[in-house]
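Here is my note on the model you sent over. Have a look at it first, and then read on through the numbered points.

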Amino acid sequence: MRADNPHQIVTAARRRTTATRRMDNAGQAISFDAVAREAQVSRSWLYNQPDLRAEIERLRARRDPVPGRQRLPDRQRASDTSLLRRLEVMTQRNRQLEAENRQLREALAVALGEQRAATIIGRPGDTPRKKSQPVIGPC
């Protein structure tokens, strides 16, 4: 390939960019060495291309720091919009559960109050079933 042929240079740059994206989509680890092998170029050439260098560094920095875990490609990651929607749904569900808990606590308080009143008052003519505890004064 001649160095002064812009068409071939552009085509080669596209091929290298496509190779990088293909590697990311496949979940492969992105590094200058891996991209250079995939695109069949030298690492020094990659380091001298600001746009490719920035993209490789971005993808490399995003890599999961835990070894052995396979990371997800960009297209499989949740978007910000998706994450915000999940947060909204979970917030709404949390409010529903809080309201339900509040209703259940109130119903329990009423039931316990009625039970206590029935125990203390009893039916007309009945004596209380439980003896009240003696009041202990200050020590």
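1. A word on terms before we start: a residue is called buried when its relative accessible area is under 20%, exposed when it is over 50%, and partly exposed in between, using a 1.4 Å probe and protein chains only. Please keep in mind that this is a predicted model, in which local features need pLDDT of at least 70 and side-chain atom pairs count only at pLDDT 80 or more, while totals for chains, interfaces and linings use all residues. Residues are numbered from 1 along each chain as its sequence is written, and side-chain values use heavy atoms, with hydrogens and water left out.

2. Let's begin with the overall layout. The protein chain has five helices and zero strands, giving the pattern α-α-α-α-α along the sequence. Helices (H or I, at least four residues) and strands (E, at least two) are DSSP runs numbered from the N terminus.

3. How much of the protein chain is buried? Of its 139 residues, 14% are. The chain exposes about 11,600 Å², and 54% of that comes from carbon and sulfur atoms; these areas come from the Shrake-Rupley method with a 1.4 Å probe, and for residues only the protein chains shown count as cover. Contact here means heavy atoms within 4.5 Å. Taking contacts between residues at least 6 apart in sequence, 37% join residues at least 24 apart.

4. Now to the core. A nonpolar core is a set of buried Ala, Val, Leu, Ile, Met, Phe, Trp, Tyr and Cys residues joined through side-chain atoms within 4.5 Å. The largest one has twelve residues: Met23, Ile30, Phe32, Ala34, Val35, Ala36, Ala39, Val41, Leu46, Leu52, Ile56 and Leu59.

5. After α2 comes glutamine 40, which has a positive phi, near 60 degrees. Methionine 23, another member of the core, is in contact with Gln28, Ala29, Ile30, Ala34, Val35 and Glu38, leaving aside neighbours within four places in sequence.

6. On to charged pairs. A salt bridge is a side-chain nitrogen of Lys or Arg within 4 Å of a carboxyl oxygen of Asp or Glu, and by this rule there are four. One of them joins aspartate 33 to arginine 37, with the closest N and O atoms 2.5 Å apart. Why are these two about one helical turn apart? Because they sit four residues apart in helix α2. Aspartate 33 is partly exposed, at 35% relative accessible area, whereas arginine 37 is exposed, at 57%.

7. Arginine 58 is partly exposed at 40% relative accessibility, and glutamate 55 is partly exposed at 29%.

8. In helix α5 (residues 80-121), arginine 85 and glutamate 88 are likewise three residues apart, about one turn. The closest N and O atoms of this salt bridge are 3.4 Å apart. Arginine 85 is partly exposed at 49%, and glutamate 88 is partly exposed at 48%.
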